[in-house]
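User: I'd like to talk through the side-chain contacts in this protein. Can you take my questions one by one?

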Amino acid sequence: MAFISLSPELSGRSFTGVENKFITKYMPVLDALSVKVYLYGLYLCSNGQNLYTITDLATALSITEDQAVSCYEYLEEFELVKITSLSPFEVTYCEAENVRGTPKKYKPEKYGDFAKSVQSIIKGRMISTSEYQEYFYLLEEYGFEQSALLMIINYCISLKGDNIRSQYIKKVAQSFAAEGAVTARQVDEKLSAYTSSTPALIRIFAAAGIKRSPDIEDDKLYKKWNGEMGFSEEAIIAASKYFKTKNVAKLDDALTELYKNKKFDVKEIEFYCKNKNSVYNATIEIARSLGVYMQNSAPYIETYVNVWCDWGYDFDSLKKLAAYCFTHGNNSFEGMNGFLQGLYNEGIITEQAINSYIAQRNADDELIKNILSACGLSRKIINWDRECLARWKGWNFTDEMLLKAAELAQGKSNPVAYMNGILSSWKNEGIYTPDKIENVHTTAAARSDGPDRATIERHYAELRQLAESNAEAALNGALADSEYGELNKTIDKLNIQLIFAESKGDGNTEEIRNQLAETQKKADSRLAVLGINKQSFTPQYSCAICGDTGYDANGRQCRCLKKFIDEYKGI
């Protein structure tokens with residue numbers, strides 16, 4: 001007859017499944033309380049008791065919550081469970097079949113003197129078997145000298161008291177081991193170095209209202225703040241004051257923010273914090289002027305507005321420049337940043353300099369409008385027009401001469417490019433006043449010998465640049481829409497993923513293609529809502545035959561080139 005069997009009544013009831021490997025491999029070496037905790041927790045999760053907490057488990061087993069947590073920490077050492085959260089306390093049970101290695105059971109007699117010394121340090125409570133096992137684990141796995149680990153335990157107790165959790169001691173010990181401090185001498189040197197920074201930390205904690213003693217982790221942070229980042233003690237205290245930090249994590253976040261924004265001095269920190277709300281409000285107004293929707297203003301403040309302020313621009317000037325950028329096609333933070341970079345490089349920073357610059361640009365745009373009108377064009381001004389005007393003025397032509405050239409270019413297939421030819425001819429012949437125009441066959445286009453190769457190449461280069469500038473402006477206009485901009489970025493990423501997947505022969509190629517097609521469909525729908533034709537992103541050359549090169553696919557002169565030559569001759 002079998003040693004053990006189930007009664008008919010019991011066999012019809014529900015059960016909690018326990019892996020055989022746990023019973024044969026682990027239960028013999030685990031302490032009794034940890035086995036109880038493991039099995040009861042397994043029962044809870046196997047039978048849908050999802051609302052149970054660690055407190056409920058401890059109550060059910062008539063143990064303290066700390067004992068329950070300590071047992072799970074002990075079980076985690078054997079990789080039977082994984083602690084996924086400390087607050088609230090949460091545990092995931094792992095497969096006993098999949099853990100690597102064999103359970104380690106350290107013989108107490110090997111560490112008898114060490115165990116007595118630990119108990120003499122932690123006088124306020126009895127140390128459990130599972131806690132001893134953790135200390136033995138530290139000695140075995142990390143190679144600590146017993147005296148070195150006793151020094152660490154004593155240090156932790158002096159900070160936290162007898163009720164300290166063994167997990168904290170373990171964490172501190174592991175941090176010492178990570179820095180190679182496992183001997184008594186090394187631990188003593190590390191603790192001495194920490195002690196040197198303790199007075200500064202005590203003053204910082206007092207100023208920040210942190211009501212506890214500094215520990216070894218705080219010392220690491222202080223060394224980062226004071227050493228790597230370069231903050232003085234006074235600056236750290238100022239940061240805690242102005243950011244109103246009540247714990248070390250928030251103080252670290254505050255100093256990281258100041259470090260990114262290059263604010264190190266006490267006065268810089270004070271000014272930054274007092275103007276933080278003003279910067280936020282200014283960023284909101286700048287975004288509104290640019291027509292940009294911001295879900296989160298922080299990246300825009302850090303990447304753009306704080307940088308502009310560091311360059312010397314005040315809020316009022318930035319708002320004015322944002323409105324100017326919007327009306328001139330730079331309706332994004334990135335576009336405005338490029339524009340401001342140009343102003344900054346030219347030393348245009350003060351309100352007076354900005355006003356003078358804007359007034360001059362407005363006057364130039366008014367002149368361009370008149371030139372385009374004289375040419376017979378009614379389109380919007382583009383950057384290419386401004387570049388042409390700057391070049392013509394660089395050739396020392398007056399507004400009057402530019403308008404004269406525009407009148408002569410009226411009716412031509414590309415009036416602005418034709419103007420370049422006229423003005424270039426006048427420049428070479430020294431014609432800078434209207435009275436001299438009549439003395440030289442009216443224009444360069446009246447010559448009988450036709451344009452030279454350089455003139456033809458310049459003409460077609462300007463045609464291509466105009467088409468490409470229009471396409472770029474159309475694309476930038478679409479990308480200024482935040483929704484389309486994000487979709488476009490996703491399309492770029494998926495295209496790169498598809499290239500790599502196809503080159504490697506990955507099995508997810510078809511999935512990427514489907515994602516790409518779906519994202520492209522969404523992007524096209526967004527363009528339809530915005531009223532933007534996708535074809536405008538591709539340069540629309542004035543000649544579909546040669547693509548504004550002057551020569552067809554066979555290398556023969558295109559009919560548009562022949563027409564340009566005839567116009568140049570005045571035929």
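Predicted model: local features only at pLDDT ≥ 70, side-chain atom pairs only at ≥ 80, totals over all residues.

User: Is Arg 185 buried or exposed?

Analyst: Its relative accessibility is 53%. Because the cut-off for exposed is over 50%, Arg 185 counts as exposed.

User: Which residue does Arg 185 meet in a salt bridge?

Analyst: A salt bridge here is a side-chain nitrogen of Lys or Arg within 4 Å of a carboxyl oxygen of Asp or Glu. The N to O distance is 3.0 Å, and the partner is Glu 189.

User: How many residues apart in sequence are Glu 285 and Lys 319?

Analyst: These two form a salt bridge, with the closest N and O atoms 3.6 Å apart. Glu 285 sits in helix α15 (residues 276–290) and Lys 319 in helix α17 (residues 315–327), so the pair ties together parts separated in sequence by 34 residues.

User: Is Glu 131 buried or exposed?

Analyst: Glu 131 pairs with Arg 125 in a salt bridge at 2.8 Å, N to O. With a relative accessibility of 5%, Glu 131 counts as buried.

User: How many disulfides does the whole structure hold?

Analyst: A disulfide is a pair of cysteine sulfur atoms within 2.5 Å. For Cys 543, the nearest cysteine sulfur is that of Cys 558, 3.6 Å away. The sulfur of Cys 560 is likewise too far for a bond, at 3.6 Å from the closest one, in Cys 546. A search of the whole structure gives a count of zero.

User: How many residues are in the largest nonpolar core?

Analyst: A nonpolar core is a set of buried Ala, Val, Leu, Ile, Met, Phe, Trp, Tyr and Cys residues joined through side-chain atoms within 4.5 Å. In the largest one, Phe 114, Tyr 135, Phe 144 and Ile 153 touch the most other members, and the total is 57 residues.

Definitions and conventions:
Residues numbered from 1 in each chain as written. Heavy atoms only, no water. Buried < 20%, exposed > 50% of the residue type's maximum accessible area, 1.4 Å probe, protein only. Helix = DSSP H or I, 4+ residues; strand = E, 2+ residues; numbered from the N terminus.
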